[in-house]
Amino acid sequence: MGEKVTEAGRAHVRVAHGGSGATSVGTGLPVLDHLLGLVAAYGSLDLTLQVAPGAADEEVAAAGKALGEELRAALHDDGVRGHGSAALPADEALAHVALEASGRPLLVANVDLSDARVGGLRTDLVSNFLRELAEGAGVTLHVRLIGGDDPQHVLEAIFKGLGVAIAQACRPRGAKG
């Protein structure tokens with residue numbers, strides 16, 4: 001895929017599917033960089049994403065929107081499945097993520113970590129990231145927390161599941177696995 005520049009030049013992103021999970025991510029928020037690394041590793045994506053410095057909520061929104069816009073074409077291609085689903089653990093946490101390239105952007109989640117902070121990041125900003133990703137990619141995204149107490153582990157389980165769901169959705173129709 002090509003490189004995208006979005007949010008009036010705030011974010012530069014490049015994604016290659018079927019990669020090794022290599023990343024060069026700089027959002028200004030180390031915990032988001034880590035979570036995006038999980039998406040890349042579990043989704044077999046080579047990901048380059050750089051966001052211009054700004055307020056945390058602006059950086060998160062720019063990262064989510066840019067990644068979604070870059071994934072849009074691959075997710076909506078006529079030759080791909082266009083849907084994916086995965087339940088993955090991170091220690092005691094277990095999350096299920098399902099997405100469909102529906103053209104109707106929507107985030108539905110039962111995860112409420114609005115009072116929690118992980119690595120200095122308000123975790124409600126993660127909901128904003130996922131909402132912007134769904135909008136940019138034109139997908140319906142469902143996130144279900146099955147169990148988990150530690151906010152870091154919950155987020156890791158969600159982003160691992162997101163990576164696998166993206167990889168499944170981008171597979172050619174009829175492909176095994």
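This is a predicted model: local features need pLDDT of at least 70, side-chain atom pairs count only at pLDDT 80 or more; totals for chains, interfaces and linings use all residues.
This is a guided tour of the structure, moving from the whole chain to a few selections within it.

**The whole chain**

If you switch to a surface view, the accessible surface comes to about 7600 Å², of which 49% belongs to carbon and sulfur atoms. Of the 177 residues, 50% count as buried. Among contacts with a separation of 6 or more, 78% are made by residues 24 or more positions apart.

Next, select residues 124-137, which form helix H3. This helix has 14 residues and reaches 20 Å from its first C-alpha to its last, close to the 20 Å expected at 1.5 Å a residue. Colouring by accessibility will bring out its buried residues, including Leu125, Val126, Phe129, Leu130 and Leu133. Just after the helix, Gly138 takes a positive phi of about 70°.

The ring centres of Phe129 and Phe159 are 5.7 Å apart and the planes stand at 35°, so the pair is classed as tilted. Because Phe129 lies in helix H3 and Phe159 in helix H4 (residues 151-169), the pair ties together parts that are 30 residues apart in sequence. Phe129 counts as buried at 0% relative accessibility, and Phe159 is likewise buried, with a relative accessible area of 0%.

Lys65 is buried, with a relative accessible area of 17%.

**Arg10, a buried charge**

Now move to Arg10, in the loop between strand E1 (4-6) and strand E2 (11-17). Which side chain of opposite charge is nearest to Arg10? It is Glu58, 4.4 Å away, and Arg10 is buried yet has no salt bridge; the cut-off for such a bridge is 4 Å between nitrogen and carboxyl oxygen. To see the surroundings of Arg10, display the residues it touches beyond four places in sequence, which are Gln50, Val51, Ala52, Pro53, Gly54, Glu58, Glu59 and Ala62.

**Two loop residues with positive phi**

Finish with two residues whose backbone angles deserve a look. Ser44, in the loop between helix H1 (30-43) and strand E4 (45-51), has a phi near 50°, a positive value in a residue other than glycine. With 33% relative accessibility, Ser44 counts as partly exposed.

Then select Asp91, which lies in the loop between strand E5 (83-90) and strand E6 (93-100). Although Asp91 is not a glycine, its phi is positive, at about 55°. Is Asp91 buried or exposed? At 62% relative accessibility, Asp91 counts as exposed.

Definitions and conventions. Residues are numbered from 1 along each chain as its sequence is written. Side-chain values use heavy atoms; hydrogens and water are left out. Helices (H or I, at least four residues) and strands (E, at least two) are DSSP runs, numbered from the N terminus. Buried means under 20% relative accessible area, exposed over 50%, partly exposed in between (1.4 Å probe, protein chains only). Lys and Arg count as positive and Asp and Glu as negative; His and the chain ends are not counted. Contact means heavy atoms within 4.5 Å. Accessible areas come from the Shrake-Rupley method with a 1.4 Å probe; for residues, only the protein chains shown count as cover. Rings of Phe, Tyr and Trp (its six-membered ring) pair if their centres lie within 6.5 Å; planes under 30 degrees apart count as stacked, over 60 as edge-to-face and the rest as tilted. The expected span of a helix is 1.5 Å times one less than its number of residues.
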